[in-house]
Each structure stands twice: as C-alpha cells, then as structure tokens.
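Let's take a walk through a protein model together. Have a look at the structure below, and then we'll go through it piece by piece.

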Amino acid sequence: MVREDIDISRYLHDYISENRGSNYEVILYDETLDEHISFPLAALDLILQDILKNAEIHGFKGTSSYKNVVSFALAYSGENIVLTIANNGNPLSSELQPSDVFVYGKSASSSESNFGIGGYEIKHLMAQFGGQVEFIKNYSKEFPVAYRLTFKRSEQSMVENEILYTVLWVEDTADIEDEHQLMADDHAIISVSYTHLRAHET
C-alpha cells in the first residue's frame, strides 16, 4: 500500500454515501473541515470497514435498527487530524479493557463466528502508516463506545494552511510617519504567517 494525499472530508462523505449500513444511520459532523491526510486509501477503506462491521456485530446486536447511529467527527489535535467514530449501541463488556479490542484472537463478542481480527487489523494498519488508534470505553452517555483515529496532515495540507492563514499585519504603526500613505499603499503592509501572528498575540 502506498500513501496518498486524501481530502478527508470529501473521502468520508463519499465513503458513507457508498457504504450505508442495513441496520444503522450514519451522521457526519465537521464535514467542511478542509484538510488532507497522508495515508493509503486502501488501508483507510479497510479500517472503516472493520469499525463499521464491529458496530453491526457487537454494538447493534439485538437492538432496533431505527435507533442505531454511527457518528463520524473530525477535529484538530495539534498538527494532526483526529477522526472519532462512535456508535450508540451496546457498551463494551465489563470483563474487557479497551486495549483488549486490539488483541488478535480476542473478540468483544461471545459469538464463535467472530475471532477478534478486525481490531488487530485496525491497530496494525494505523501504526504501519504513522497513525494512532484508541478505543474509548464509555465515550459519552449517548455513544458508549468510540474509536479515535489520529492521522498526520499531508505536506500539501500544511502548506495550503500556511498560505490560508497568511495575514496582513503591521508590527508598529507608531514608527510609520504617514499613516494615510500606508492605508493607500497595499504593498506597505507587512505579510506574516499565522504562526508569527500568534507569537505576537501571546
């Protein structure tokens, strides 16, 4: 598998449209987050497939389909992008710890047809391509379980955001003799990066 530059919001929108579950509804939050991640497309497909399959097998077992919800939410975490996938199905068994979800051969279900391979594959693929995964038990009252996937932003995304956050900044207008000339002359305004601006604010 080869890393690709993935527009994560567009990818999720398309993936959800093409892979709707038979017994749950999907909600996508922060759909407009304009960011790219560096990750193999095929690996990301497998990871989401495993997470949704686990929700069907474990989370929504014995529940009414019209009440079942899987939520996708994007957020920033420093220089990384975090995708949290939660469901409102059954909680993880009290006998299991969150880390058990990723152990090969250890299933969150007593079903003999499931061998606990999905969680192991998720962790392996995330680690192989520089990401991280965390399983959260008791994520919220509405969504008792969640996967938190952390991805590195692509170089393209970081460059684009550096340009996006470029601002017009005058460090000290008191040193400028003619303010009227400054206001009329766009080229006299100093352009600095968002990082530089934040440094002056703190």
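**A helix and some ring pairs**

In helix H3, the buried residues are Gly118, Gly119, Ile122, Leu125 and Met126; buried means under 20% relative accessible area, exposed over 50% and partly exposed in between, using a 1.4 Å probe and protein chains only. Around the axis they span an arc of only 135°, so they sit on the same side of H3. That arc is taken from the directions from the helix axis to the C-beta atoms. Why does this work? An α-helix has 3.6 residues a turn, so residues three or four places apart point the same way.

Before going on, note that this is a predicted model: local features need pLDDT of at least 70, side-chain atom pairs count only at pLDDT 80 or more, and totals for chains, interfaces and linings use all residues. Residues are numbered from 1 along each chain as its sequence is written, and side-chain values use heavy atoms, leaving out hydrogens and water.

H3 covers residues 117-128, where helices (H or I, at least four residues) and strands (E, at least two) are DSSP runs numbered from the N terminus. Tyr120 also belongs to H3, but Tyr120 is partly exposed, at 38% relative accessible area.

Now for the rings. The whole structure holds six aromatic pairs; rings of Phe, Tyr and Trp (its six-membered ring) pair if their centres lie within 6.5 Å, and planes under 30 degrees apart are stacked, over 60 edge-to-face, the rest tilted. Phe135 and Tyr147 have ring centres 5.1 Å apart and planes at 80°, so they are edge-to-face. Phe135 is in strand S6 and Tyr147 in strand S7, so this pair ties together parts 12 residues apart in sequence.
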